[in-house]
Amino acid sequence: MFRHRNKLRPNNHLASQRTMPTITKKELIADLSNLTGMKHSDALLMVEALTDLVTRRLGEGYHITLRKFGTFDVRVARGKLGRNPKQPNSEMKIPDRCVVRFKPSKELRELVAAVPVEKLNGTAPPSAEGC
């Protein structure tokens, strides 16, 4: 349970409830090294170079498409009026800003859709029992 606007709400939707472990960059490097037979140091350089290149190109405003994986693109998040929680009566304009969006490929969406719900949260929710 957590507090939200002075109301207690169940936290069953939080990511911390997932039982699947997180794969770290270190583990990806080890998997790449084992899968390809390349040295660990070469796999490290490969992963570092790829993440640096993707980060730099997105920072320059480019779109990146990796077939059978997905597309990273830079979009403009429109500005809006916001409120300071400490001073709720005062409004402030939040300006437009650039954000990164990831759109998974059809293959990735289908692969993820095939993951059993029980694998993510330990048990199926009542609405998914009939699936």
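Reader: How many bridges join β4 to strand β7?

Author: In this predicted model, strand β7 covers residues 97-104 and runs antiparallel to β4. One of the residue pairs is D73 with its bridge partner R101 in β7. The number of bridges that join β4 to β7 is eight.

Reader: Which residue in β4 is the bridge partner of I64?

Author: Strand β3 (residues 64-66) and strand β4 (residues 70-77) run antiparallel and are joined by three bridges. Three residues lie between these strands in the hairpin, where K68 takes a positive phi near 65°. The bridge partner of I64 in β4 is F72.

Reader: Are the planes of the rings of F69 and F102 stacked, edge-to-face or tilted?

Author: The structure holds three aromatic pairs, among them F69 and F102, whose ring centres are 5.4 Å apart. This pair links distant parts of the chain, with F69 in the loop between β3 and β4 and F102 in strand β7, 33 residues apart. Planes under 30 degrees apart count as stacked and those over 60 as edge-to-face. The planes of F69 and F102 are at 50°, so the pair is tilted.

Reader: Which residues form one aromatic cluster?

Author: F102 is partly exposed, with a relative accessible area of 33%. The rings of F72 and F102 have centres 4.8 Å apart and planes at 45°, so this pair is tilted. Because F72 lies in strand β4 and F102 in strand β7, the pair ties together parts that are 30 residues apart in sequence. The residues that form one aromatic cluster are F69, F72 and F102.

Definitions and conventions
Residues are numbered from 1 along each chain as its sequence is written. This is a predicted model: local features need pLDDT of at least 70, side-chain atom pairs count only at pLDDT 80 or more; totals for chains, interfaces and linings use all residues. Side-chain values use heavy atoms; hydrogens and water are left out. Two strands pair if DSSP finds at least two bridges between them. Helices (H or I, at least four residues) and strands (E, at least two) are DSSP runs, numbered from the N terminus. Rings of Phe, Tyr and Trp (its six-membered ring) pair if their centres lie within 6.5 Å; planes under 30 degrees apart count as stacked, over 60 as edge-to-face and the rest as tilted. Buried means under 20% relative accessible area, exposed over 50%, partly exposed in between (1.4 Å probe, protein chains only).
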